[in-house]
Amino acid sequence: MAECEPEKNEGGLLEVCVDSVAGLEAAIAGGADRIELCAALDCGGLTPTSGLMQRAAQAPIPVFAMIRPRSGSFVFSTDEVAVMTADIHAARQAGLAGVVLGASRSDGRLDLEVLGKLTAVASGLAMTLHRAFDLVPDFNEALEQAVALGFGRILTSGGAQSVVAGFDRLKSLSKAADGRIVIMPGGGLRPDRVAPFWQAGVREFHASCSVPAAVDPVLVEFGFATARQAQTDSDAVRRLAAAIETCRTLP
């Protein structure tokens with residue numbers, strides 16, 4: 001497949017992941033530059049419903065849909081790949097700007113066969129390789145594979161539990177990418193951590209910008225909700241966007 005040119009964002013860009021209409025509105029109000037649209041962020045994000053895709057397509061900023069049919073591993077069956085293919089078509093039909101994809105082999109390496117099929121279906125849409133990348137045994141090999149598959153960016157924590165712990169690898173990956181693909185740190189990103197990444201050449205940032213949400217215990221008792229839930233917070237988005245804005249003045 002022909003390689004796609006990564007987007008140039010020398011001025012900095014904040015992508016916020018959301019899984020509801022309220023989250024979408026809060027992210028936009030807080031100053032997000034792009035949305036990663038999901039369901040079930042409490043398990044890393046799943047494919048949003050077609051209705052939510054259609055609602056998000058009305059947003060004034062680009063929206064990328066997560067394409068992940070279930071929680072758990074990123075090793076997908078033939079039937080699951082067929083579901084993912086249909087979901088990519090749904091994202092395109094809704095008018096979204098891009099999709100977020102990933103697939104692994106049992107040893108953690110990227111599944112090039114599955115990703116080749118999915119990226120071919122997604123041709124013409126912007127494409128992000130999601131954090132299945134964090135499970136690979138060889139990061140430099142996976143980076144080159146992502147470039148060859150035509151991904152515009154890689155969402156990654158550097159293979160660590162957070163971007164803080166993965167900073168050195170993220171810095172190394174950004175250098176190895178050399179402008180061919182965007183390395184976008186995501187996972188525990190806070191405003192006070194933006195500047196070191198900026199100084200390392202990173203210009204796209206990903207975060208949930210969420211705070212704990214109050215949950216009715218009756219809903220928990222009936223199994224209609226989990227005890228620990230989070231919601232997108234416009235003030236948290238605003239603070240992270242402000243940190244990026246401040247970095248624009250750095251030498």
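A salt bridge is taken here as a side-chain nitrogen of Lys or Arg within 4 Å of a carboxyl oxygen of Asp or Glu. By this criterion, a search of the whole structure, a predicted model, finds 11 salt bridges.

Arg109 forms a salt bridge with Asp107, with the closest N and O atoms 2.7 Å apart. Arg109 is partly exposed, at a relative accessible area of 32%. Asp107 is also partly exposed, at 43%. A second bridge joins the side chains of Asp134 and Arg131, again with an N to O distance of 2.7 Å. Here Asp134 is buried, with a relative accessible area of 10%. Arg131 is partly exposed, with 32%.

Glu15 lies in strand E1, which covers residues 13-18. Its relative accessibility is 0%, under the 20% limit, and therefore Glu15 counts as buried. The side chain of Glu15 makes a polar contact of 2.7 Å with that of Arg34. Another polar contact, of 2.6 Å, reaches the side chain of His206. Beyond four places in sequence, the residues that Glu15 touches include Ile35, Phe64, Met184 and Phe205.

The strands form an open sheet. Eight strands are arranged in the order E7-E6-E5-E4-E3-E2-E1-E8, with parallel pairing. E7 and E8 (204-207) stand at the edges with a single partner strand each, so one side of each has no neighbour in the sheet. From one strand to the next, the twist averages 25 degrees. Within the sheet, E3 (residues 63-66) and E4 (residues 98-101) pair in the parallel sense over three bridges. Met66 has Val100 of E4 as its bridge partner.

Helix H1 lies across E1 and E2 and runs at about 165 degrees to E1. The loop between H1 (21-30) and E2 (34-37) contains Gly31. Gly31 is partly exposed, with a relative accessible area of 34%. Its C-alpha atom is separated by 9.7 Å from that of Glu15, 16 residues away along the chain. Apart from residues up to four places away in sequence, Gly31 touches Val237 and Ala241.

The largest nonpolar core holds 69 residues, of which Ile35, Leu37, Leu96 and Phe151 touch the most other members. Helix H9 (residues 234-247) supplies the largest share of this core, with seven residues. Contacts of Ile35 beyond four places in sequence include Val16, Leu24, Ile61 and Val63.

Helix H5 spans residues 139-149, and its buried residues include Phe139, Leu143, Val147 and Leu149. Among the elements covering the buried residues of H5 are helices H4 (112-121) and H6 (167-177), as well as strands E5 (126-129), E6 (153-156) and E7 (182-185). The N-terminal end of H5 is capped by Asp138, with a side-chain oxygen 3.2 Å from the backbone nitrogen of Asn140. Just after H5, Gly150 adopts a positive phi of about 95 degrees.

Key. Residues are numbered from 1 along each chain as its sequence is written. This is a predicted model: local features need pLDDT of at least 70, side-chain atom pairs count only at pLDDT 80 or more; totals for chains, interfaces and linings use all residues. Side-chain values use heavy atoms; hydrogens and water are left out. Helices (H or I, at least four residues) and strands (E, at least two) are DSSP runs, numbered from the N terminus. Buried means under 20% relative accessible area, exposed over 50%, partly exposed in between (1.4 Å probe, protein chains only). A polar contact is a pair of N or O atoms within 3.5 Å; within protein, one must be able to donate a hydrogen and the other to accept it, and residues adjacent in sequence count only if both atoms are side-chain atoms. Contact means heavy atoms within 4.5 Å. A nonpolar core is a set of buried Ala, Val, Leu, Ile, Met, Phe, Trp, Tyr and Cys residues joined through side-chain atoms within 4.5 Å. Two strands pair if DSSP finds at least two bridges between them. Axes are lines fitted to C-alpha atoms, for helices over the stretch in contact, and angles run from 0 to 180 degrees between N-to-C directions.
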